[in-house]
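Here are some exercises to work through with the model open beside you. Try each task yourself before reading its solution.

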Amino acid sequence: MMSSKLSRRRLMARGAAATAAGFAGFHVSGAHAAGKLSVGLWDHWVPGANNTMNELCKEWADREKVDLQIDYITTIGQKHQLTVAAEAAARAGHDLMIFTGWAASDHARLLEPVDDIMADLVKSNGAPNRTAEYLGKVNGKWVAVPWAVMSALKPPCSRIDLMKQHAGIDVQAMYPAGSAPKADNWTWDTFLVAAEKCAKAGVPFGLPISQFGDSVDWVGALFQAYGAQLVNSKGEIIVKSDAVKQVLEYGKKLVQWLPNDVFSWDDAANNRWLISGKGALIMNPPSSWAVAVRDAPQIGSQLWTHGMPAGPKGRYAPFTSNFAGVWTFAKNKSAAKSLLRHLSSPAAVEKLVAASQGYDIPSFANLTTFKTWAEVGPPKGTLYHYPNPHNHQIASIAAAPAPPRIANQIYVQGVMPKMIARITQGGESIDKCLDWAQKELQGFKRA
Amino acid sequence: MPQGAAIASARGRRTGSSLSKAAKRRSTIAFLMALPLIVLITALVLYPAGYALHLSTLNKSMEEFVGFENFEYLFERETFWMVVWQSCIFAITAVIFKALIGFIVAHIVHNIPLKGQRKWRGMLLVPWVIPPAMSTLAWLWLFDSSYSAFNWLIEGVGGPRIPWLGETGWARFSIILVNVWYGAPFFMIMYLAALKSVPEQLYEAAAIDGAGWWQRMWFITLPMMRNIIAITVLFSTIVTFSNFDIVRVLTAGGPIDTTHVFATYAFKLGIEASDIPLGAAVSLFMFPLLALAAIVILRDVSRRGNQT
């Protein structure tokens, strides 16, 4: 855990200690919050991204005269998740905390409503996407603010040369830099044919079918593209449907063209697959592209991030959304909310996106056209379509629209990739697989 | 001296002397000397175990007492029974191979001239002294689908690529292999110590009586090593059953949950799926299995100790 001490107004602090009652009222007044504020943020994977966050926080802390303590918490080894769980159990810790997708709704009862902030942000940043709303709004109230940092889409990242050569698909023409996609024919059926051609050419698509996030995300988007829900928004189990059978049949066809060990791939395996030059396509945020540019420039310069294929029910793109929330037991709620507003302003978000080299994806409609995505390369424009600037696809999370407490279990336990694995590697019939899924899902409904 | 004061003084002397007697009693001294350990065990073992038991009786949101509902829930799940089965396969197979390899290597090292023996002992202990999470990462690279050195060698001689971690059979083989690689040196060093404690005269007498290699092994070496073998197997069974790092790093329980062991499954449910009571229930399930193994093995050791 890295700690960074920022602005310290000792005079104010001493004054607050001396006249506690008067200054406590001042803190609550909100407009010019003072006192101490402790925030727990994610330690960004992109080197240097934390520095920009520090600068933005310092700017705010100096202006608001707040003694600010930032703890950067790594996600490695579930340390961030454990910290959130520990703080929730102890009812003590940071004032402002970052939450991964499901965690905000999990801890909704311990989070301050932020409807006031969201109302203002919608005016300045545009409407949040449906996944942000699904995860951040509980019983009609926003419990946390969608947070761009380390939120990411996981669209296809293709090899321009290999896709053209073996599958006859020009991904740059389909998703041209600077203009709207021309991807009407880019469907899951086209995708299957391309997967077969690339596999036969010895450069198969690298798509994990395991319990790790990258796997659950792309398989979840595939299910949604076929309208295949396991549990509906009312919490009813509807896994034994034609749509689910249809998507499983599709999965069966696709898996035969994937590497034979995708069933245990972790979130780094697909990146290594692409960077090693062995594959023509993966589904991932641009971290794989950034590493390729650094470690294998000849491959990095051939990568193009673009939209997802469309299915019978639409074009869904996997989106992992994060949130920032204020604990109900926070000691300085007004300062925490003030910092949230500052860091969610369009100018601040643009700086954060630039610092992440385009990795971070804001959830708000007006914040998907920053110049960072248009300019980074090589090749120039490779990330232009990454933030979905033309609203060409629906940002989604696997297992939605099931109630989040059930969807969380479906997601974390990788039920959908497991279903595909069971009927392919496991050799199970689709009916038997559906029986298994039905039983698992019944268990997930426990309170 | 007034009478009251005299009685008080006498009582004081009696109390002082009984305290002093208590302090001199061997059991009191033994208790005081064991006290730091008792405190440590209470704080680090009994309290967490009790807390885990308490957690396992709560509902998912940890707000209501649900008795044994979490256990009932697990008993109804196909995946849980698969985890029980896999934990047994993993632990039993790995311990058997560790014991066998440790036994063979200990004999080989024992027969190396003393001059070079220390060097070999040191080298053979290397897998055991490297933190397993770190050495397992190296194994992960050896099994990796893109950069696997094993597959590179196999393909070099015209063989097919092996999905080391992607197919149930191979994945189980891989995690057992790494566990054996890591744990065999422990058996080796324990058996080597046991071998060195066998009096040489027994072998000499046996040789005079015309005993062959197998008879010396069966009637001298094995009986003399029996207790250390039992204790080592027990210790290793406990550690292997509760293994986490190797499975977590290599497969995280996949493919299709077919390599999960108790610890990784408990982590999956308790931490990753935010169902701490269910995770606690899974981890507690190890206790009766290990307690049974401990009772059987220790009773055997104790019986033989009484016989001698």
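Predicted model: local features only at pLDDT ≥ 70, side-chain atom pairs only at ≥ 80, totals over all residues.

**Exercise 1.** Zoom in on A:Asp71, which sits in strand β3 of chain A. Is A:Asp71 buried or exposed, and with which side chain does its own side chain make a polar contact?

*Solution.* 
- Step 1: The relative accessibility of A:Asp71 is 11%.
- Step 2: Buried means under 20%, so A:Asp71 counts as buried at its 11%.
- Step 3: Its side chain makes a polar contact with the side chain of A:Gln69, at 3.4 Å.

**Exercise 2.** Find the neighbours of strand β2 (residues 35-42) of chain A: in which sense does it pair with β3(A), and how many bridges join it to β4(A)?

*Solution.* 
- Step 1: β2(A) and β3(A) pair in the parallel sense, over eight bridges. One place to look is A:Leu37, whose bridge partner in β3(A) is A:Leu68.
- Step 2: Follow the chain through helix α3 (residues 49-64) of chain A. Together, β2(A), this helix and β3(A) make a right-handed β-α-β unit.
- Step 3: Two bridges join β2(A) to β4(A), and these strands also run parallel. Here A:Val39 has A:Leu96 in β4(A) as its bridge partner.

**Exercise 3.** Which residues of strand β4 (residues 96-99) of chain A lie on each side, and how does this strand run relative to strand β11 (residues 316-326) of chain A?

*Solution.* 
- Step 1: On one side are A:Leu96 and A:Ile98; on the other are A:Met97 and A:Phe99.
- Step 2: All of these are buried, and both faces of β4(A) are covered.
- Step 3: β4(A) and β11(A) run antiparallel, joined by four bridges. To find one of the pairs, go from A:Phe99 to its bridge partner A:Phe323 in β11(A).

**Exercise 4.** How many residues does the largest nonpolar core have, and which have the most contacts inside it?

*Solution.* 
- Step 1: The largest nonpolar core has 178 residues.
- Step 2: Those with the most contacts inside it are A:Phe205, A:Leu230 and A:Met419.
- Step 3: Apart from this core lies another, of 16 residues, among them B:Phe90, B:Trp139, B:Ile162 and B:Leu165.

**Exercise 5.** Where does B:Ala252 lie, and which residues does it touch, not counting residues up to four places away in sequence?

*Solution.* 
- Step 1: Look in the loop between α11 (245-250) and α12 (262-272) of chain B, where B:Ala252 lies.
- Step 2: At 9% relative accessibility, B:Ala252 counts as buried.
- Step 3: Setting aside residues up to four places away in sequence, B:Ala252 touches A:Phe212, B:Val247 and B:His260.

Note on methods: Residues numbered from 1 in each chain as written. Chains lettered and ligands numbered in written order. Heavy atoms only, no water. Pairing = 2+ DSSP bridges. Right-handed = clockwise from strand over helix to strand, strands pointing away. Buried < 20%, exposed > 50% of the residue type's maximum accessible area, 1.4 Å probe, protein only. Polar contact = N/O pair within 3.5 Å; in protein donor to acceptor, adjacent residues only side chain to side chain. Core = buried A, V, L, I, M, F, W, Y, C linked by side-chain atoms within 4.5 Å. Contact = heavy atoms within 4.5 Å.
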